[in-house]
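Please open the model in your viewer and keep the selection tool at hand, as this tour moves from one selection to the next.

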Amino acid sequence: LCRALLPALALALLGLAAAAGPRQTPVLELAEELAEELWSAGLPGDLPELEPECRSLLAAFAEGSAALTDCLGRRARPVRLCQGCHGHYRRLLAQYGSIARAVGNSSESHNCAKSILTSDRLQIVVTLSEFFNETWEAANCANCLKNNSEGLSNSTEEFLDLFNKSLTCFEHNLQGQAIDLSPNNYTEVCKNCNETYTKLNDLYNHLQRMNRQGGESAHSAHLCIDVEDAMNITRKLWSRTFNCSLPCSDTVPVIAVSSFILFLPIVFYLSSFLHSKQKKRILILPKRIQSNANLVNIQEKYS
Amino acid sequence: QLTPSSFLRIGQLSNVDLNEDIHELETEVPRQRPNEIPHNEKLLSLKYESLDYDNSENQLFLEEERRINHAAFRTVEIKRWVICAMIGILTGLVACFIDIVVENLAGLKYRVVKDNIDKFTAKGGLSFSLLLWATLNASVVMVGSLIVAFIEPVAAGSGIPQIKCYLNGVKIPHVVRLKTLVIKVCGVILSVVGGLAVGKEGPMIHSGSVIAAGISQGRSTSLKRDFKIFEYFRRDTEKRDFVSAGAAAGVSAAFGAPVGGVLFSLEEGASFWNQFLTWRIFFASMISTFTLNSVLSVYHGNAWDLSSPGLINFGRFDSEKMGYTIQEIPIFIFMGVVGGILGALFNALNYWLTMFRIRYIHRPCLQVVEAMLVAAVTATVGFVMIYCSRDCQPIQGSSVAYPLQLFCADGEYNSMATAFFNTPEKSVVNLFHDPPGSYNPMTLGMFTLMYFFLACWTYGLTVSAGVFIPSLLIGAAWGRLFGISLSYLTKGSIWADPGKYALMGAAAQLGGIVRMTLSLTVIMMEATGNVTYGFPIMLVLMTAKIVGDYFVEGLYDMHIQLQSVPFLHWEAPVTSHSLTAREVMSTPVTCLRRIERVGTVVDILSDTSSNHNGFPVVESNPDTTQVAGLRGLILRSQLIVLLKHKVFVERANLSVVQRRLKLKDFRDAYPRFPPIQSIHVSQDERECMIDLSEFMNPSPYTVPQEASLPRVFKLFRALGLRHLVVVDNRNEVVGMVTRKDLARYRLGKEGLEELSLAQT
């Protein structure tokens, strides 16, 4: 029954796909695939094929992963992964879940999960899904999403707001400057944006501290990559490009204090060498036959 | 200057002044001036006595052994296992306690200092941060040093030399007391928190030994509690076995290396060994590391993970790039040579420093001041190094516990601070595992140099602290530097990972300083969790030892020698065959007769000029024509118990009801026998007689006068003797050989040299 139905279904699907219109490439691929299958279906003794519902699940997964890859790639620099792609990721998770849970109607042994996930050596669907999961974990995106992972958490929103504000502040002040000042002098930026920058910095530190208190293990010590990267860019701009954070270096008092402390042991050792009484040991003469007496004894004994 | 006649007299007199610990000769010696010299390494102190590792097989003992049936022996055996399990568990728990407290206190300190530095970096006034750091360190170390200097000085240092001596058979006063344990544990915590260049691993070995000695006795004399259990084990022989188990458990808890622990006991400690004991010790070690592991896992919140087997974990060395190739082995051997030379330099410097300390800084308050100064200087050096360093690394992706920004750009941390602004254990692990490029060569070079001198200066202070971790740290720093320069020279390609070289450097440096071989190889192997490293580590340690021994001996042996401990090495000095027992022995010997007058016994025991501990018992034959042959040997402790219970011949005749003395009475008094002064003997009782034949050891070991020194030495070392009687061919006592008579011969730079005895 199954084998007889296949060509018809494939044709129907082909029509459906062709009707979908603008997306050219997947349709072509699908058509090619189907044609091949149609050809193989006619051959005697061929292998059992995928059931239609499994096929549609697989197609959905393929499209979902394509979309997620596209999103990740586009948002790689500056990093906006978690903000932009969490919808795609969630959908992909759901699709994978439905594949894993789906059971075909024909028989126990031909369910979708088995035929898609574990019937060959490569197991490409599993590999793909693992890759996405690992990437998501490494980016630590869960950290800046809400608990049900729908949308960004409040603190992240707040942080990104502040981040955008400080970026606009930088831009704003630089525009005014670029004309009349040399590019090395950014005092204007430093003065005007100091408040926003400090706020941003404090918020970041606060988030980090909260995060560290919440999670014990080493991995969750990181914030999500978007926030980390945003902060990184800002800090680099601030202290490298604008050269705004100039710490007061007070070398003279440090040298004075340290040389004082380093001088103390010398005084200590000298004074204890000069004033402390050297410990003397009292020698004790052992009670034993003295060597010269010894000789005499031996001589006496043998004489 | 004994005349021949005085020599001939010895055999015939039954009651001459006799010896174990040797004191002045009698009046016939003309030069009696007290000879005072400054302390040097060629002395043997009278303070140290031997332990009685040889069982006194007297009648009481034989009777008791006969009474115990087969089943009872089995319970004794089971008790031994139970004790070993308890030793393991308690050692593990103590290690956990130290680890957790150190982690929290040090964390607190570093957070306070870091906040302070962050605050003053912005506003200026970093000198206050420096002062704060130095003061914090100095005050914490002051407390640690005060308790050691004033309450229990034997808790100073790593404790490994002391345990080594104890297992060798030297009784170091107070070394296995509960008080020592408490001081040791607190002292270690305080000195690590105080930021000294020290580790908490070495003292674990001492702690384990004290725990073992305490548990196996079933009582604590310090607390005056007797649990009335394990009474069978109340003697030196049994205690020694448990102490070796405790030392092994300590190593195992410190490094997560149970096999290394067993081998440590075997290599460093055990002069006496058997297979059953090995298996029991291994059991204790395993229990110890497992306890530590499970408790720490629960503490860190992942209860079933079991991921922290030791106080220090070197982390995992199993990634692809951590492997080594055949071509690298000559490089490792070269690192071993460097480690040996640097280790010898370390030891030589420490030798001079220790000598100076013994001679001039012997008052406790001076010692405390010195420790405080070292702590303050350590903080200052760290601060100055961090202040001057311009090596900044991005915070992102690194696992720095306390990133210190200082003059770095925002989002970066000072790389020097990961090395100095951290507990030494963490720094070691960072050096092993931080990705290539985390440190620049300048930072590593300066760090190695500074830390080398700091560690050398710190070891020997009156604080309890170990030398393992600082050595590893120095080695890891120069090893990493070596790895970086190697990959720089070869333009990167194959030997990319400096962590591997850091490990080999650490092994080389540690081997060069402590000169342990087998056990250290296994400890390092177990701590890295990678068996394939066994071969290069072994080569590195071998080279380091050979090179180092060429210059100066190992740190522990050096300190044992500086303490004037009569320590017996594996073998007699090689050129000592020409010496015979007759030249080695002390003579004349104070003997007791088999039935002796109480007054004589009391007089001999209370003679302050000769606090001998073993007395040959000779036949009490009244007529002088017959020779007084050797009948047995009795110990001071036994005599004191006899006097205390007034076991006199006359009293036994008078009162039939008097209880017969049992072995239990001797055990109850062990190990702190009362001094003779505390025993009151009335004038009447002085006239009584005391019969020693039941209590003396009737079969003491003897040698003829012609026995060579190596032969005597072998007997001593193998049997763990305390007294060896020298007899002539008529079985008359001629002399007595004790530990100090043997230990004084040593192979020096110009052949065989003889150490002098001194009162310390």
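Predicted model: local features only at pLDDT ≥ 70, side-chain atom pairs only at ≥ 80, totals over all residues.

Residues are numbered from 1 along each chain as its sequence is written, chains are lettered from A, and side-chain values use heavy atoms, with hydrogens and water left out.

Begin by selecting residues 51–139 of chain A, which are domain 1, and then residues 154–241, which are domain 2; such bounds come from an automatic or database domain assignment. Where they touch (heavy atoms within 4.5 Å), domain 1 of chain A contributes 10 residues and domain 2 of chain A contributes nine.

Next, colour A:Val79, A:Gln83 and A:Ala139, which supply 50% of the area that domain 1 of chain A buries against domain 2 of chain A, more than any other three residues. The area buried between the two domains is about 720 Å², with 51% of it from carbon and sulfur atoms; buried area is the accessible area (1.4 Å probe) that two parts lose on being put together, summed over both.

Now show the side chains of A:Arg77 and A:Asp229, which form a salt bridge whose closest N and O atoms are 3.1 Å apart. The term requires a side-chain nitrogen of Lys or Arg within 4 Å of a carboxyl oxygen of Asp or Glu, and the count between these domains is one.

Finally, select residues 252–274 of chain A, where UniProt, in an unreviewed entry, places the feature "transmembrane region"; such annotations may be inferred rather than shown by experiment. The end C-alpha atoms of residues 252–274 lie 33 Å apart, and the span is 100% helix and 0% strand, where helices (H or I, at least four residues) and strands (E, at least two) are DSSP runs.
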